[in-house]
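Here are my notes after going through the model you sent.

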Amino acid sequence: MKHFTSVHDVDDMNEWLSLADLFQKDPFHFSEAGKGKILGLLFLNPSLRTRMSTQKAAYQLGMNVMVMNLDKDGWQLEMEDGAVMNGNAQEHVKEAAQVLSQYCDVIGVRSFPSLEDRAADYAEPVLEAFKKYATVPILSLESATRHPLQSFADLITVRSLATKPRPKVVLTWAPHPRRLPQAVPNSFVEWMKQADVELVVTHPEGFELAPEFMGGVTVTHDQKAALSGADFVYAKNWSAYEPYGKTAPELTDWQITSEQMALTDNGGFMHCLPVRRNVVVSDSVLDSPQSLVIMQAANRVISAQVALYKLLQGG
Ligand code: CP
């Protein structure tokens, strides 16, 4: 595996899940695997879980970690080849990625979408530029269209708690006052397709996800029908794919409350965090035994540790 930016970089999912089991039982099993290696983490956007869990995972593999808030502490980067750099950008990613490759053995990058230009966001300009110009593996810490470390942690969570051979997993849109990316739901769908689950996606009309992620997925606009008998409920807001970036905070009846959870088969509540209480989900659900959000966050260490271990192994 040269880079880890999506589920498509996973050659053998069974091996990844076996490694997850191994790190769950023995976090220091390969504590020498990253000895003498440096992980660089570059953030162009805020983070709590990704930043800390990936550092912890790296330490457990024996790596050292350097973190940079590139948006605040670095030079503004130009991503476009051939650009005449007479604007705000002081440094081209061509040099920056090659320079960082002199200091780091793996580079993690977080870069959110603009939500202004769909074609530009879906082309993943930041991630693709780092993949093109860095000479070391790139680890996605959430890109414009995907969040693979989160989705792998979610898969680990579902797999470890499922009590049925083929649990029903529902991804539901939820309201939010701000426009949010489609990365988490895109990625969640992509990873759940690799699992033996009955996946149902529910959202209001107009909040369809990108067709390249949704092929073969059951979709309904009836949230209550979707939640009926669910074993896992994954709530997430996303802004619209078409018209790109549109949102609908007024659709408050899409919030996940105890009433909605009562429709499930004692289902677990999932969210990637951070979450807005009593907007996306009620206190009564988030504070209930059905909430799995802390476990999901704990599993972020395991997902990062597996991905880093595989990158260190070169495949
Ligand atoms: N879920 C997640 O990626 O959290 P952070 O944005 O805090 O890293």
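**Notes on the model**

1. Helices here are DSSP runs of H or I with at least four residues, strands are runs of E with at least two, and both are numbered from the N terminus. The peptide bond from Leu 273 into Pro 274 is cis, with omega near 0°.

2. Before going on, a word on what we are looking at. This is a predicted model, in which local features need pLDDT of at least 70 and side-chain atom pairs count only at pLDDT 80 or more, while totals for chains, interfaces and linings use all residues. Residues are numbered from 1 along each chain as its sequence is written, and side-chain values use heavy atoms, with hydrogens and water left out.

3. There is another cis peptide bond, joining Glu 242 and Pro 243, with omega about -5°. Pro 243 belongs to the loop between β10 (232–236) and α11 (258–261). Also worth a look is Glu 142, which has a positive phi of about 115° without being a glycine; its loop runs between β6 (138–140) and α7 (148–161). For context, most residues other than glycine have a negative phi, and most peptide bonds are trans.

4. Now the ligand. The residues around it (a heavy atom within 4 Å) include Ser 47, Thr 50, Arg 110, Gln 150, Cys 272 and Arg 300. By class, this shell has 3 nonpolar, 4 polar and 3 charged residues. Nonpolar means Ala, Val, Leu, Ile, Met, Phe, Trp, Tyr, Cys and Pro; charged means Asp, Glu, Lys and Arg; the others, Gly among them, are polar.

5. Which atoms come close to the ligand's oxygens? A backbone N or O atom of Leu 48 lies 2.7 Å from one, a polar side-chain atom of His 147 is at 2.8 Å, and a polar side-chain atom of Arg 49 is at 2.9 Å. The protein covers 93% of the 260 Å² of accessible area the ligand has on its own (Shrake-Rupley, 1.4 Å probe).

6. The space taken by the ligand is the largest pocket, with a volume of about 460 Å³. A pocket here is an open set of points on a 1 Å grid over the protein atoms alone, with protein on both sides within 12 Å along at least five of seven lines; lining residues have an atom within 4 Å of a point. Of the 25 lining residues, Phe 112, Glu 142, Lys 236, Leu 273 and Pro 274 lie nearest the centre. Both α2 (49–60) and α8 (183–192) give two or more residues to this lining.

7. The second largest pocket has a volume of about 250 Å³. Its lining includes Leu 44, Asp 71, Trp 75 and Met 79, and divides into 6 nonpolar, 1 polar and 1 charged.

Note on methods:
Polar contact = N/O pair within 3.5 Å; in protein donor to acceptor, adjacent residues only side chain to side chain. 1 Å grid on protein atoms, 1.4 Å probe; cavity = no way out; pocket = protein on both sides within 12 Å on 5 of 7 lines; lining within 4 Å. Sits in = over half its atoms within 2 Å of the grid points. Points joined across faces, edges and corners; volume = space filled by probe spheres on them.
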